[in-house]
Amino acid sequence: MPTEPSHFSDYRESRFQFCPECGGDLVREQISGRLRLRCRKCGEVHYENPFPAVALVCRNERGELLLTRRAEPPSVGEWCLPGGFIEVGETVQEAALREFKEETGLDGRLLGVIDVASRVNGYWGDVVLIGFETEVIGGVLTAGDDASEVRFFSSDDLPEIAFDTHRKMIEVIRQKEQGRS
Ligand SMILES: [Zn+2]
């Protein structure tokens with residue numbers, strides 16, 4: 001796994017060394033204004049894209065926020081919103097509800113998109129995060145999957161949140177809430 005870099009750079013290590021089309025060596029070349037991966041053997045240019053991910057902001061009837069404690073790197077032991085990466089064969093919404101169920105044991109209903117955020121050159125490379133406001137419609141609160149603990153926190157007593165993209169979602173929903181009142 002890549003380590004957390006100190007700053008953004010146009011050049012970064014690729015996850016791939018060999019061409020997925022032909023197995024040839026991949027090299028970095030300046031192509032259309034960017035350093036891109038090109039196969040030495042077949043010449044194919046391999047474009048690199050961010051990974052799409054989801055996070056869920058769920059509050060109970062007391063306005064407390066549901067957080068999961070991370071059991072897997074990065075940031076083991078820190079708290080974050082339930083969520084994860086979208087997989088092939090599922091829609092963004094299906095991924096959101098699947099991750100919610102896997103990590104919290106709860107069945108959710110998506111109320112709407114809160115915001116979209118980018119993380120550039122982080123632990124997983126580049127990530128695009130879509131945040132959903134969510135309500136619980138069933139299930140039993142149980143930490144599962146890559147969470148070691150899951151619970152609701154009062155909004156004035158939140159722990160340190162592991163990811164800046166998650167902090168952004170929480171901040172947006174807070175501001176929205178203040179606008180309502
Ligand atoms: Zn190739």
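Buried residues make up 24% of the 181 residues in this predicted protein model. Buried means 20 or more other C-beta atoms within 10 Å of the residue's own, exposed means 12 or fewer, and partly exposed lies in between, with C-beta atoms placed from the backbone. Residues are numbered from 1 along each chain as its sequence is written. Because the model is predicted, local features need pLDDT of at least 70 and side-chain atom pairs count only at pLDDT 80 or more, while totals for chains, interfaces and linings use all residues.

**Layout**
- The protein has 2 helices and 10 strands, taken as DSSP runs numbered from the N terminus (helices H or I, at least four residues; strands E, at least two).
- An automatic or database assignment sets the domain bounds: domain 1 covers 12-48 and domain 2 covers 51-180.
- The C-alpha centres of the two domains lie 34 Å apart.

**Core**
- The largest nonpolar core has 28 residues. Such a core is a set of buried Ala, Val, Leu, Ile, Met, Phe, Trp, Tyr and Cys residues joined through C-beta atoms within 7 Å.
- Val54, Leu56, Val57, Cys80, Leu81 and Ala96 have the most contacts inside this core.
- β4 (51-58) is among the elements giving two or more residues, and gives the most, with 6.
- Cys80 touches Leu67, Thr68, Arg70, Ile161, Ala162, Phe163 and His166, leaving aside residues up to four places away in sequence. Contact means C-beta atoms, placed from the backbone, within 7 Å.

**Helix α2**
- Thr165, His166, Lys168, Met169 and Ile170 are buried in α2.
- Their cover includes β4, β5, β6, β8 and β9.

Technical notes. Contact = placed C-beta atoms within 7 Å.
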